[in-house]
Amino acid sequence: MTKNHQIIIFDTTLRDGEQSPGASMNQAEKLRIATQLEKLGVNVIEAGFPAASQGDFEAVKAIAHALKVSQVAALCRANEDDIKKGWQAVKDAAHPRIHIFIATSQLHMKYKLAMEPSMVLDQTVKSVKLAASFTDNVEFSAEDGSRSDPSFLCKIFEAAIDAGATTINLPDTVGYAIPEEFGALVKYVMENTANMDKAIMSVHCHNDLGLATSNTLAAIKAGARQVEVTINGIGERAGNTSLEEVVMSLNTRPNFFPQTTSIDTTRIYPTSRLVSMITGILVQPNRAIVGANAFAHEAGIHQDGMLKNPMTYEIMKPETIGLNKNNLVLGKHSGRHALNSHIQEMGYTLSKKELDTVFKKFKNLADKKKQIQDEDIEALVNEGILRSSEVFSLEYIHVVSGNKVFPTASVHLNINGSSVQGATEGSGPIDAVYNIISKLTGTKSELLRFTISALTEGTDAQGEVTVRLQENNIVALGKGTDPDIITASALAYINGLNTLEYLKEHPVVKPEHL
């Protein structure tokens, strides 16, 4: 079904990745990430779970309509309603796929499904046949496969292939497997499923023991030819296998892994940055490949070796993943055409109205910051275009603070078209700002996390603030950027409150996961 040395990259950032707490995205944000994943060279993009909500259905449908190269997959439970709705969402895609799953471990079949193995087998055949009546691109996954009986896996996979499945996926749903064990299971299934030559073997690993990438690489050595991954490894609980770790492992160690991918590695870092910016999930500094410290060297002996030959302590070049590339730097004298051309190179297509909005924000930023870099432009587009309609917006902020004054903040907000204002004190300037915003909006949310970092280098860099809010078991992330960190903090808090309002109207239904 695929060349022996070609690994199919199946990205589930928009589905499994969105199941990270607080990582919900609106349709425009999902479409932006999907477009970037296609540019990255991802073969299959799992756009969502259409049966989960009308919002998810519409987002999957929009992505299916927009993409021209990557396959677009819809996740469905093994039932008629899910599969029909999934097909309606992806049928207009250039390359649609239906992805069906059902649990196969004794634990899940008994306590979650309350079904006998024979019933699960029958349901699988029925569901795959229905999906195959719509498309010849059908994937079947055995949820909790790593804890399932190997002989039953072979039996249900054989039945699924006979029913029309062209990809068979073996998930380590709870991140329980060990690499040697998982590789052996993949090999066993491939050798003992009679018709496996008619399908592609796939794996989907979780990172609960920190072994998702190791298990995935072990599966590749054992014969798997599709891997299911996410950008930055985001996902349920401890996350999923990281796309960048798998791809760069294959790229860096061709003597050990002769397999290749279609990924344009120079787009890895920009894609990582985009996903982090949109989801609000920060990349830890020491994260492999894309972390801020991945190519940093502190020890003197390391620095000395690097100066003599970079390969003494670097096993890959930063440029390989798109880091330290020569980017066009814009400034206050850059015109609308130059900005629009650069935005298009970054993957955005803006309407005249949207460009007007971004250009106005660009000029305001250029008055405060000499050089505008890609990260700044991403933030401008994200805040000005991709965000959903706002209930709350900031009109004015004034703060008094210092070592001999009591911090106070005066804030003007627009709430559903009406202007409100107030002032109060706090233990610090940001606390004062948050106190008055909380009072004006009447929010009952709790601030769970507050982080701040510089968006780019330099003392005039924009501050990037991320907050995590919780209200009635709904978790929302908010982000704000501005050269003034207090203003950035206010924007992040207000964005988080707007996201909470959005989620109240568009609840994210998180189904069983693979």
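**Patch, barrel and a covered helix**

Colleague: Which strand gives the nonpolar patch its largest share?

Modeller: Strand E12, residues 446–454, with 3 residues. Strands (E, at least two residues) and helices (H or I, at least four) are DSSP runs numbered from the N terminus. This is a predicted model, where local features need pLDDT of at least 70 and side-chain atom pairs 80 or more, while totals for chains, interfaces and linings use all residues. Residues count from 1 along each chain as its sequence is written, and side-chain values use heavy atoms, without hydrogens or water.

Colleague: Switching topic, how many strands are in the closed barrel?

Modeller: 8, running E1-E2-E3-E4-E5-E6-E7-E8 with parallel pairing; pairing takes at least two DSSP bridges between two strands.

Colleague: How many bridges join E1 and E2?

Modeller: E1 (residues 8–11) and E2 (residues 44–48) pair in the parallel sense over 2 bridges. Asp11 has Ile45 in E2 as its bridge partner.

Colleague: What about helix H9, how many of its residues are buried?

Modeller: 7 of 10, so mostly covered; H9 spans residues 243–252. The buried ones are Leu243, Glu244, Glu245, Val246, Val247, Met248 and Leu250.

Colleague: What covers them?

Modeller: The cover includes strands E1 and E8, plus helices H1 (27–40), H8 and H10 (268–279), with contact meaning heavy atoms within 4.5 Å.

Terms used: Buried < 20%, exposed > 50% of the residue type's maximum accessible area, 1.4 Å probe, protein only.
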